[in-house]
Amino acid sequence: MTVEKETFEFKAETKKLLDIVINSLYTERDVFIRELISNAADALEKFRHESVTATEIFDDHLPLEITIALDEKKNTLTITDTGIGMTRAELENNLGTIAHSGSNTYLAELVEAAKKDVSLIGQFGVGFYSAFMAGATVRVQSRSWNKSEGNEWVSDGTGSYTITEVPGLHRGTKIIIELKEDAKDYAQEWKIKSIVKQYSSFVAFPIKLGEETLNSVQALWTKNRSDIKDEEYVEFYKFVANAATDPMYKLHFSADAPLAINALLFVPAENFEGFGFGKMDPGVNLYCQRILIDQHSKTILPEWLRFLKGVVDSEDLPLNISRQALQDNALVAKIRKVITKRFLKYLDEQATKEPEKYLEFWSTFGIFLKEGATSDYEYQKEIGKLLRFESSKSEAGKPVSLADYVLRMNPDQEEIYFINGPNRASIEAGPYVEMFKQKDIEILYTLEPIDDFVLNHLGEFDGKKLKSADGADLSLAKDSDEENKEKNSDEEKQAGEDMETLTKWMQEVLADHVSEVSVSKRLVDSPAMIVNPDSYMTSSMERIMAASRKEQGFPGMEKSKKKLEINPKNNLIIKLAELHKTDADFAAQVAQQIHDNAMIQAGLVVDPLEMVERNYKILSRVVENDAL
Ligand code: ADP
Ligand code: MG
């Protein structure tokens with residue numbers, strides 16, 4: 001028999017990664033054991049899943065297990081599994097390259113993440129390479145369950161690796177680590193025991209060290225809730241989530257009818273996407289009768305719940321279902337709906353039970369619920385209850401629910417109002433809330449750009465329309481006494497006519513910028529404000545659209561024309577009504593400036609060069625007049 005030995009170079013990015021692993025991440029080396037055990041467990045899960053449908057099974061007599069062997073004399077640590085194994089090509093592909101795109105930004109992210117918490121390395125799909133944190137040489141002997149010949153992969157983790165055919169191997173993978181001088185204690189029993197206990201106690205296959213089995217194999221989610229200790233839940237969470245900290249929330253529930261479901265879901269303490277890691281993989285694994293059929297399942301929960309970690313097990317699923325088939329499976333869709341609704345209900349319960357803690361959840365993971373509200377019509381109602389926003393009646397930093405708002409609504413109020421702005425202070429100083437303050441009507445402050453999008457999608461809550469206060473059609477003032485009052489005196493009539501001429505004139509002056517100028521029924525102090533003719537296109541939406549147009553290289557296109565409302569009680573406006581008759585040129589500049597100021601208050605863009613130039617002209621005039 002020819003035993004062929006081939007030498008391969010690691011791909012450039014793999015080299016870089018190995019360099020990082022070997023030279024910068026050795027401070028918390030223990031994680032490499034966890035990574036190798038989790039790879040072994042994955043391989044066993046894959047084998048178990050395949051063997052459900054396979055007609056012939058190679059090395060069928062082997063028990064599904066992980067064995068650890070230590071040799072203190074030779075300084076080796078060996079981890080063996082009887083899982084799915086790897087062919088020669090798989091050894092080359094899986095252990096010679098990085099699964100994810102090996103771009104430099106990805107590597108940079110990885111380094112940053114690993115500096116914060118080395119245990120994150122597994123989440124980047126590069127767990128295997130951690131073997132080189134402790135290993136001077138790593139040997140991987142593997143034989144695939146398809147019975148092709150076995151091979152040995154060997155490397156010292158620097159530039160290259162070799163693959164050699166090895167006869168007589170059993171199914172599965174054996175990883176032999178020749179320990180570095182300063183990593184000898186990984187050949188000691190106490191060390192390995194303590195690490196396995198800490199990290200791997202929930203592995204679904206026995207982990208054996210000599211005669212002893214180090215873990216008690218159990219599917220925690222199938223146990224009775226009353227039989228599970230809090231610590232067990234936490235430990236299990238750390239295991240499935242690869243996490244170092246305790247979870248924020250835990251939901252364990254079972255159902256028998258109409259579907260048999262066991263679900264154990266956790267909300268982590270942190271949002272990793274928030275750390276700039278990019279979109280994360282889903283964290284819930286799908287089992288059928290304790291057999292893993294879809295790890296990090298993309299189908300068992302909607303995408304916007306990807307921050308959840310845990311397990312869903314359903315006996316009703318066919319064991320031999322493929323990942324592809326899962327996507328179109330009606331039963332999976334039903335399970336997804338049941339679990340999603342149950343989880344959203346759980347959140348609502350938590351919000352009532354422990355509002356402070358819920359706000360913590362909201363500030364960390366609210367963004368995902370918002371994503372759900374805009375992308376998943378099916379759960380809008382449930383998500384609507386979970387949304388939180390600051391408001392004119394909330395304390396700063398203590399957002400309220402839409403339900404709270406509805407409870408506080410004035411008896412004759414029909415709509416729920418909101419206004420977007422970068423922060424409380426700027427909203428409260430702006431023109432949009434003036435009438436709300438005066439009439440003591442609560443208004444929600446939407447402080448994130450996405451919020452208007454969310455509320456527009458929601459459309460209504462509890463039968464009440466959600467309405468942006470920068471919309472032109474706000475009915476807020478319709479029953480205002482002042483408005484209904486007949487204009488009696490000559491003075492009032494004259495003032496009314498003056499305003500009418502002023503608005504007409506302003507409309508001409510501002511024709512390029514606004515579709516209409518009108519007398520406001522709701523401004524109290526400010527001279528003017530911008531409102532939106534299309535209630536869906538709030539100013540905040542406009543900003544988002546403008547930013548995305550810019551990104552796509554079409555700045556300035558398709559800008560929708562706004563309306564300008566002016567305040568007939570404001571002194572500047574009253575004076576302008578006279579000025580435009582005597583000095584139209586200067587009045588026009590003032591009108592343009594009023595428009596630009598209102599745009600800025602709406603958070604919209606104006607041409608800064610033009611505005612500054614005009615502003616100086618106006619200022620010069622003020623100074624001149626004053627000097628006289
Ligand atoms: P990940 O486990 O996130 O895919 P790793 O770097 O830990 O990344 O492993 C890379 C790949 O190598 C795995 O996806 C798997 O295909 C293969 N692999 C690693 N260990 C084993 C093993 N014990 N048995 C079979 N395949 C393995
Ligand atoms: Mg792995």
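Predicted model: local features only at pLDDT ≥ 70, side-chain atom pairs only at ≥ 80, totals over all residues.

Reader: How many residues surround ligand 1, and how do they divide into nonpolar, polar and charged?

Author: The shell around ligand 1 holds 12 residues, and N39, D81, N94, G127 and F128 are the closest. By class, the shell divides into 6 nonpolar, 5 polar and 1 charged.

Reader: Which residue has a side-chain N or O atom 2.9 Å from a nitrogen atom of ligand 1?

Author: A polar contact here is a pair of N or O atoms within 3.5 Å. Oxygen atoms of ligand 1 lie 3.1 Å from a polar side-chain atom of N94 and 3.2 Å from a backbone N or O atom of G127. The nitrogen atom of ligand 1 is 2.9 Å from a side-chain N or O atom of D81.

Reader: How much of the accessible area of ligand 1 does the protein cover?

Author: On its own, ligand 1 has 530 Å² of accessible area.

Reader: Which element gives the most residues to the shell around ligand 1?

Author: Two elements give two or more residues to this shell, α2 (31–53) and α3 (88–96). The one that gives the most, with 3 residues, is α2.

Reader: How far apart are the C-alpha centres of domain 1 and domain 2?

Author: The domain assignment gives domain 1 (5–213), domain 2 (220–383), domain 3 (387–469) and domain 4 (487–547 + 558–628). Between the C-alpha centres of domain 1 and domain 2 the distance is 29 Å.

Reader: Which are the edge strands of the open sheet of 9 strands?

Author: The order in this open sheet is β1-β6-β5-β4-β7-β3-β2-β8-β9, and its pairing is mixed. An edge strand pairs on one side only, and that applies to β1 (5–9) and β9 (212–213).

Reader: In the hairpin of β10 and β11, which residue is the bridge partner of H252?

Author: Strand β10 (residues 249–255) runs antiparallel to β11 (residues 261–267), with 7 bridges joining them. The two form a hairpin with 5 residues between them. In β11, the partner of H252 is L264.

How values were computed: Residues numbered from 1 in each chain as written. Chains lettered and ligands numbered in written order. Heavy atoms only, no water. Near = heavy atom within 4 Å. Polar contact = N/O pair within 3.5 Å; in protein donor to acceptor, adjacent residues only side chain to side chain. Areas by Shrake-Rupley, 256 points an atom, 1.4 Å probe, with all protein chains shown as cover. Helix = DSSP H or I, 4+ residues; strand = E, 2+ residues; numbered from the N terminus. Nonpolar A, V, L, I, M, F, W, Y, C, P; charged D, E, K, R; others polar. Pairing = 2+ DSSP bridges. Domains from an automatic or database assignment.
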